Every structure is written in structure tokens, then in C-alpha cells.
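Subject: Structure handover

Hello,

Here is the structure you asked about. Please look through it first, then read my notes below.

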Amino acid sequence: MSTALHTEKQTDTSPFRPRSPVREMQRQTVNMLVIALCVLCVLFVVGVLIYLIVYVLKQGIAYLNLDFFTKLPRPNGETGGGMGEAIQGTLILVGLAALIGVPLGLFTAIYLAEFGRGRFALAVRFLVDLLNGVPTIIFGLFAWVLIVIPQQTFSGLSGGVALGIIMIPIVARTAEDVLHLVPNELREASLALGATEAHTIVRVVLPAALNGIITGIVLAMARVAGETAPLLMTAFGTTFWSTDVTQPMDALTLRIYNFTLSPYPEQINQAFTGSFVLIMLIVLASFAVRWATGGFKRRF
Amino acid sequence: MQQQLSASLASLRERSVGWSIARSGKRPADLLFRGITMLFVLIVLALVIGVALVLVINSWPTISTFGFSFLTNQAFDPVHNTYGVLPAIFGTLVTSAFALLFAIPLGLGASIFVVDFCPRPLRVPLAFFSDLLAAVPSVIFGLFGFLVLAPWLQLTGEPWLNKHLGFLPFFQGQMQGVGLLAAGMILTIMVLPLIVAVSREVMLTVPGAQREALLALGATRWEVIRYAVLPFSRIGILGGIILALGRALGETMAVTMVIGNQASRPGLSLFNTGYSLSSVIANQFGEATPGLFLSAVIEAGLIVFLITFITNFLARWLISRLTRRTGGTHL
């Protein structure tokens with residue numbers, strides 16, 4: 001770039017000074033064309049995605065009723081019923097995942113933000129980022145090989161483990177970012193008062209960052225609530241009420257997947273309604289937490 | 001006095017965040033706390049290594065039996081107990097390439113708009129919208145692809161392509177709706193937000209002074225982008241593209257639902273049904289019997305793991321190189 005500018009500079013005082021009206025017109029036309037193209041790109045991207053979301057939501061809301069939350073799926077071909085067991089299963093699985101993902105992610109974040117220096121910390125951060133990019137079905141395979149195959153049964157527990165591992169990098173990275181936002185003066189003040197390092201982190205830094213950490217955790221939970229692939233080979237799905245984590249467990253995403261591929265129109269309608277509920281669950285969780293913890297960044 | 005105080009504060013801070021206290025072992029409680037965080041970090045590291053190890057160990061039977069022919073063999077055939085994933089690799093590459101081919105120009109155009117041309121009142125809704133999209137689960141993209149896009153392709157899209165572009169080898173053959181074309185289109189939609197998000201972020205790191213300098217020289221807005229923004233951010237944009245590639249290569253649900261999961265006559269047609277590596281896993285794990293079959297499914301997973309690991313490694317490295325150059329430090 002610099003060389004191109006430089007050579008032009010030798011023949012003219014400014015590379016962009018119009019040399020002739022024709023060239024000036026050309027430049028302005030190219031400029032307008034590019035802006036128009038960019039506008040078209042945005043319109044296309046936003047248009048397609050809005051169409052997709054609105055379509056799914058519109059189809060879904062048409063079959064939404066109370067039964068959907070409280071009843072089990074009806075046998076093939078019968079109308080009515082709901083996805084109660086799938087909603088319950090998703091909540092249990094996400095809860096299990098949080099039990100694993102939150103402590104591991106949070107302590108990794110504390111290490112990275114407070115203690116981590118040098119090559120090792122860099123390597124850990126890099127690896128956590130890489131973990132974030134690994135397709136989630138891989139963690140499903142992992143839990144399948146380690147838990148499902150030895151136990152000889154699909155189980156909610158194995159699904160929770162797979163989702164928990166997926167949560168770790170999300171929690172770790174968001175929490176680390178938030179911890180970095182806590183001003184160093186707070187740490188210094190606490191240390192100057194004679195508090196120990198551990199005390200400072202637990203009683204001063206973490207409370208100051210609490211809102212942001214909670215936001216990160218809820219967003220991570222919302223994200224794993226939408227996972228399907230790792231649950232296929234772990235929680236597997238069922239159409240009965242099941243709270244036993246050693247047995248197969250249903251999830252909203254699994255039910256949507258199965259009903260989407262179903263030949264029965266009733267089940268396809270249910271799949272749309274399931275998608276509606278899932279999107280609402282995720283969106284409401286993200287907005288509720290942002291609203292409840294709002295103003296975190298404004299505080300500092 | 002003031003200076004001395006701030007100097008001693010600085011040294012205190014240095015000590016409090018460095019390893020010195022831990023080494024000298026002054027405070028047992030602090031050591032314990034550090035030990036605990038370290039322990040959790042080690043557990044996370046062990047998990048990463050554990051995942052890799054579990055995949056390698058459990059796919060060893062097929063690795064040792066077939067070696068490289070696993071990658072070049074056409075048949076994934078439990079009946080004759082011979083396994084290969086060439087069609088799956090083909091399907092994965094074709095759909096991902098298709099997605100990038102369309103998502104890169106669209107995504108770049110959109111992010112240029114958002115960064116440089118977007119009217120202020122539109123910024124917040126657009127950011128809100130991209131957040132919303134990042135949250136939509138892939139099974140819902142799959143549902144849309146299978147129930148809306150595929151039927152439309154079968155009745156309208158593919159006949160139209162065949163009629164007008166049918167002389168190309170890509171748009172011939174049986175029109176079934178589901179297939180490589182549908183999978184590529186759904187992947188395009190899915191990676192778009194990612195490309196937009198990363199390139200937008202990278203373009204925002206271009207110092208304002210650079211833009212202003214070019215504007216002051218009389219450059220048009222496109223020239224500012226062409227000479228100041230793009231050269232500065234191209235490494236980061238490349239990183240974003242590779243990130244999107246990794247995402248496309250590894251995407252499971254949406255692809256599995258629309259790619260057809262059936263072998264069709266070999267050829268270049270995008271109308272063909274096919275497999276992707278992760279759709280093989282999703283479809284076959286249920287029937288996998290212990291032995292070579294099981295091992296073959298896990299080796300497909302190992303390949304996906306390695307490919308996405310490498311692409312992510314590259315992407316993160318490129319992006320971190322850029323943010324380091326602009327001094328993107330946290331504190």
C-alpha cells in the first residue's frame with residue numbers, strides 16, 4: 001500500500017487529487033457502487049436471517065399452548081401432547097453441565113486473570129480458545145466412549161458431562177475478561193489494608209466482578225441449552241418423564257431434531273413449537289441476565 | 001514522596017500478581033488458593049489432552065488396520081467390515097468451500113457497511129441482531145433447511161439452476177432438495193454472522209487517525225477502506241475466515257439434517273446427496289458394534305477434531321498477531 005501511494009506521490013502532490021473530471025467521476029462512481037454493494041450485502045444477510053427467524057417463530061407460535069409444557073409427546077400420528085419431558089430434561093442437563101462447567105471455567109479464569117503470567121498462562125489461554133472452536137459432537141463422542149459404552153446405557157449424566165466440558169471455555173473466557181475489568185486499585189487497596197491475596201480475590205475482586213461473571217455463566221448455559229449433537233450419543237432422548245440421570249433423558253433440541261425428520265405433520269408442527277420455545281428460552285435468559293446485571297461496565 | 005509511594009505500590013502490585021510470594025511461601029492460605037486454581041487449570045488441560053487421547057486410543061483398531069487408506073477408501077461398509085471416509089471428506093470440503101465462497105464477500109460487504117457506512121441509529125439494532133443470531137441453535141437452522149429450504153430447492157431452486165446453468169456439471173442430475181447444495185446454503189447462512197462479527201471487530205481496531213489522514217488527503221470513503229482499513233485488517237479478516245472455515249467443517253446438526261446422508265452417483269453435481277464427516281458420526285454411532293465399526297466412527301471424530309484444531313490454531317494465531325500489534329492489552 002505504502003509503495004503504491006509513494007509512487008503516485010512523486011507525480012502529484014496528493015494521490016487523491018483529481019487529475020481530470022473524468023477520473024474524478026470514475027472515483028465517485030466506484031465509491032457509490034461500493035457503498036451500494038455493501039448496502040445490498042447487509043440487506044441480503046439481514047433479510048435472509050430475519051426471514052428464517054420470523055418463519056420459525058410464526059410457525060411455532062401457532063401450536064403453542066399450555067399442554068406443550070405439561071404433557072408428553074403423543075404416539076405417532078396422534079394430535080395434541082407436548083414436550084414437557086424435553087423441557088424438563090433440558091433444564092436438568094443444563095444444571096448438570098453448570099455443576100461441571102462453572103467451577104472449572106471460573107477457577108481457570110481466576111488463574112488466568114490474577115496469577116497467570118508467562119508462557120504457561122499464554123498456552124492455557126490459547127488452549128481454552130481452541131477448546132471453544134472444537135465441534136461439540138467431539139465432546140459427545142468423548143462422553144459416549146468414557147461413560148455410555150462402559151455403562152451400556154445412554155444417560156443424562158453423560159449428556160451433562162459433555163455439555164459441561166463445552167461450557168468450560170465459554171465461562172473461562174467471559175469471566176477472565178470481566179476480571180480484567182476490575183480496577184487494579186481495588187486489589188491494591190485491599191492488599192494495603194493487610195488482606196491476603198486469597199482474601200482479596202474472594203472478598204473484593206470476585207464480588208466486584210460478580211454481575212459480569214453471572215452474565216457469562218447464564219450465556220454459557222443458554223448456549224449449551226441449544227446443543228444437539230453431543231446429546232445424540234449421550235442423553236439420547238426418551239418420550240417419558242425421567243429424572244434419573246443414569247437413564248436416557250430427553251432434551252428440547254433432541255425432540256426438535258427427531259420431530260423435524262418425522263413424517264407426521266403433527267410432529268413437524270411440534271418441532272416448530274419446540275424451536276419457538278427454545279429460542280424464547282435462550283433469548284429471554286440472555287436478556288433477563290443482561291437486564292438484571294445491567295450497568296456492570298458503567299460502574300467502572 | 002508521591003513518587004516513592006507510587007513506586008512502592010507498583011512493586012507491591014508486582015509482587016502480588018507475580019510468582020514471588022508463591023516461591024517464597026510467605027502465606028500458606030495464598031499458596032493454597034493458588035494451588036486450587038492451578039489444580040482446576042490442570043484439570044482443564046487434562047481434559048483437552050484426555051479428549052485427544054480417548055479419540056486416538058479408541059480409533060486405533062481402524063488406524064492400524066487401514067492406515068491412510070481410511071482417508072481414500074470410498075466405502076463405509078459395516079457388512080464387509082471395510083471402512084473409508086473419502087465421500088464424507090468430499091462432502092465436508094465441498095459444502096464448506098461453497099459456504100465460504102458466498103459468505104466471504106457477503107460478510108465482508110456487510111461488515112464494511114456496519115463499520116464505515118452505517119447510520120448511527122442503525123448500529124444498536126444491528127448489534128442486537130447479530131447477538132441474537134449467534135444464539136440460535138444449529139438444530140433450528142437444520143429444521144429450517146430440511147422443512148423450508150430443501151422443499152423450495154426441489155420445486156423451484158434446483159429446476160431454475162438446471163434450466164439456466166445446467167450446462168455446468170454442478171447443476172445436473174436428480175433434484176431431491178436435500179443434498180450438497182442445501183447443506184452449503186445452510187452453512188453459508190450459519191457462518192455469515194461469524195465472519196461479520198470478526199471482521200467488524202478487526203476493522204474497528206484500525207486507528208481513527210489513519211482514516212482521517214486519508215480523508216484529509218481527499219480520498220473517497222471507498223478509498224479510505226481500500227487503502228487504510230483493508231490492508232491494516234487483512235490478517236485479522238483472514239483469521240475470521242479460517243475461524244468460519246473451522247465452524248463450517250465441524251458443523252454437525254444442520255448439515256446432517258439437509259445433506260441427505262446417502263451415497264449418490266459420483267460426480268461434481270451439487271444436487272447430489274452425500275455425507276460429511278460429522279454426519280457420518282451422527283448417523284452411525286447408533287449401530288456401531290464394538291470392534292472396527294465403532295473404531296471407524298471414532299476415527300471420523302478424530303479427523304474432525306484434528307482439522308478443526310488446526311484451523312482454529314491458525315485463526316487464533318493470526319488474530320492474536322494483529323491484536324498484539326495494535327496493543328490490544330486488557331488492563
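**Helix packing in chain A**

Helix α8 (residues 184-192) of chain A packs with helix α9 (residues 197-225) of chain A at an angle of about 155 degrees, and their axes are 10 Å apart. Helices here are DSSP runs of H or I with at least four residues, strands are runs of E with at least two, and both are numbered from the N terminus. Axes are lines fitted to C-alpha atoms, for helices over the stretch in contact, and angles run from 0 to 180 degrees between N-to-C directions. The angle makes α8(A) roughly antiparallel to α9(A). The cut-offs are: under 35 degrees roughly parallel, over 145 roughly antiparallel, 65 to 115 roughly perpendicular, and the rest oblique.

Leu186(A), Arg187(A), Ser190(A) and Leu191(A) of α8(A) make the contact with Thr200(A), Val204(A), Val205(A) and Ala208(A) of α9(A). Two residues are in contact if their C-beta atoms, placed from the backbone, lie within 7 Å. The residues in the contact of α8(A) with α9(A) are five nonpolar, two polar and one charged. Nonpolar covers Ala, Val, Leu, Ile, Met, Phe, Trp, Tyr, Cys and Pro; charged covers Asp, Glu, Lys and Arg; the others, Gly among them, are polar.

α9(A) also packs with helix α12 (residues 265-292) of chain A, at about 180 degrees and with axes 9 Å apart. That makes α9(A) roughly antiparallel to α12(A). From α9(A), the contact uses Ile214(A), Thr215(A), Val218(A), Leu219(A), Ala222(A) and Ala225(A). From α12(A), it uses Leu281(A), Ile282(A), Ala285(A), Ser286(A), Val289(A) and Arg290(A). The contact of α9(A) with α12(A) has nine nonpolar residues, two polar and one charged.

**Model and numbering**

This is a predicted model: local features need pLDDT of at least 70, side-chain atom pairs count only at pLDDT 80 or more, and totals for chains, interfaces and linings use all residues. Residues are numbered from 1 along each chain as its sequence is written, and chains are lettered from A and ligands numbered from 1 in the order in which they are written.

**Where the chains meet**

Chain B gives 79 residues to the contact and chain A gives 81. On the side of chain B that touches chain A, helix α3 (residues 28-58) of chain B supplies the largest share, 18 residues. That side of chain B divides into 55 nonpolar, 17 polar and seven charged residues.

**Buried parts**

Helix α11 (residues 252-260) of chain A is mostly covered, with eight of its nine residues buried. A residue is buried with 20 or more other C-beta atoms within 10 Å of its own, exposed with 12 or fewer, and partly exposed in between; C-beta atoms are placed from the backbone. Those buried residues of α11(A) pack against α4 (84-115), α10 (229-232) and α12 of chain A, together with α8 (138-165) and α12 (253-258) of chain B.

Chain B has 14 helices and two strands. Of its 331 residues, 47% are buried. In helix α13 (residues 277-284) of chain B, six of the eight residues are buried, so the helix is largely enclosed by the rest of the structure.

The largest nonpolar core has 193 residues, and Ile186(B) and Val258(B) have the most contacts inside it. Such a core is a set of buried Ala, Val, Leu, Ile, Met, Phe, Trp, Tyr and Cys residues joined through C-beta atoms within 7 Å. Not counting residues up to four places away in sequence, Ile186(B) touches Phe141(B), Gly145(B), Leu149(B), Ala254(B) and Val258(B).

**Individual residues**

Gln152(A) has a positive phi of about 60 degrees, although it is not a glycine. Gln152(A) sits in the loop between α6 (136-151) and α7 (156-181) of chain A. Gln152(A) counts as exposed, with 6 C-beta neighbours inside 10 Å.

Asn81(B), also not a glycine, has a positive phi near 55 degrees. Its place is in the loop between β1 and β2 (82-83) of chain B.

Asp77(B) lies in strand β1 (residues 76-77) of chain B. With 13 C-beta neighbours inside 10 Å, Asp77(B) counts as partly exposed.

Best wishes
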